[in-house]
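I opened this notebook to keep track of what I looked up.

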Amino acid sequence: MRIAVCIALLTAMAGAALATEIPLVQRRSGYSFMSPDSKVMQDEDTANPGMLSVLDGEALWTRKAGTANMACADCHNDASASMKGVAAHYPAFDKALQKPVDLEGRINLCRTNHQQASPFAYESRELLALTAYVARQSRGMPITAGDDPELAPFVEHGHALFMQRQGQLNLGCTNCHDDNWDKKLAGSAITQGQPTGYPLYRLEWQALGSLQRRLRACITGIRAQAYDYGSPELVELELYLMTRARGMPVETPAVRP
């Protein structure tokens with residue numbers, strides 16, 4: 001019954017008026033839609049389950065790996081200084097690859113190029129932990145992603161994907177997160193989809209997860225074929241979403257329902 005109600009509501013959204021972007025002054029973090037108890041869980045580091053992954057990431061930061069026998073700290077020293085503000089401008093343009101890479105991609109490039117180690121698997125405990133630890137150093141700082149002119153065409157691609165209707169339900173990201181935010185879908189709040197706290201601890205998952213995991217879940221929810229982890233489409237969607245959230249503070253590790 002719940003699934004049928006969800007499908008009916010989503011189908012109604014598919015026939016709604018043309019999508020319109022949210023004005024800057026109205027942009028809100030998913031935090032603002034949460035219950036008081038969930039907000040306390042995010043606010044208190046001792047209650048935030050995502051902080052366990054941050055601690056794991058701190059250990060990985062100083063752990064030597066690969067045939068180069070190097071740790072992240074060997075190049076970047078104290079993360080609280082060297083990584084401050086870094087996550088706030090990712091995805092960033094990689095000149096060697098001539099395309100944007102997200103923070104997870106940058107970590108894996110460092111592993112393969114500098115540590116001469118195998119890349120971490122997407123959604124692995126290690127990659128999530130190290131990404132959360134790096135992103136935690138930018139908590140409270142404004143998002144600045146997308147300010148590199150070389151990223152402009154990729155931002156446009158991400159925007160097009162955000163607007164594109166797809167799947168059996170014929171919905172785009174924009175139909176929920178621009179047109180119907182602050183409404184309810186089967187009792188749950190529809191947020192603006194602002195990516196301010198990834199990797200984040202989602203109560204539904206009972207685990208830390210990446211923005212790509214959330215995007216894939218949304219795409220599957222509209223009955224479309226999800227893009228592969230690390231695909232250009234997901235990175236471009238990440239880039240557009242971070243550009244859309246420019247100026248909002250980083251919350252990593254956030255908590256969400």
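**Ring pairs**

I searched the whole structure and found five aromatic pairs. Rings of Phe, Tyr and Trp (its six-membered ring) pair if their centres lie within 6.5 Å; planes under 30 degrees apart are stacked, over 60 edge-to-face, the rest tilted.

I looked up F33 and W181 among them. Their ring centres are 6.4 Å apart and their planes stand at 90°, so I noted the pair as edge-to-face. F33 is in the loop between α1 (2-14) and α2 (36-43), and W181 is in the loop between α9 (173-177) and β3 (184-185), so this pair ties together parts 148 residues apart in sequence. Helices (H or I, at least four residues) and strands (E, at least two) are DSSP runs, numbered from the N terminus. Both F33 and W181 are buried. Buried means under 20% relative accessible area, exposed over 50%, partly exposed in between (1.4 Å probe, protein chains only).

Next came F162 and Y240. Their ring centres lie 5.2 Å apart with planes at 55°, so the pair is tilted. F162 belongs to helix α8 (residues 152-163) and Y240 to helix α11 (residues 232-244), which makes a link across 78 residues. F162 and Y240 are both buried.

**How the model was read**

The model is predicted: local features need pLDDT of at least 70 and side-chain atom pairs pLDDT 80 or more, while totals for chains, interfaces and linings use all residues. Numbering runs from 1 along each chain as its sequence is written, and side-chain values use heavy atoms, without hydrogens or water.

**Charges over rings**

A charge sits over a ring if NZ of Lys or CZ of Arg is within 6 Å of the ring centre and within 35 degrees of the ring normal. I found the charged end of R111 over the ring of F120, 3.8 Å from its centre. R216 lies over the face of Y229, 4.4 Å from the ring centre.

**Helix α10**

Which residues are buried in helix α10 (residues 211-221)? I listed L211, Q212, L215 and I219. S210 caps the N-terminal end of α10, with a side-chain oxygen 3.3 Å from the backbone nitrogen of Q212. Just after α10, R223 has a positive phi of about 60°.

Notes: A polar contact is a pair of N or O atoms within 3.5 Å; within protein, one must be able to donate a hydrogen and the other to accept it, and residues adjacent in sequence count only if both atoms are side-chain atoms.
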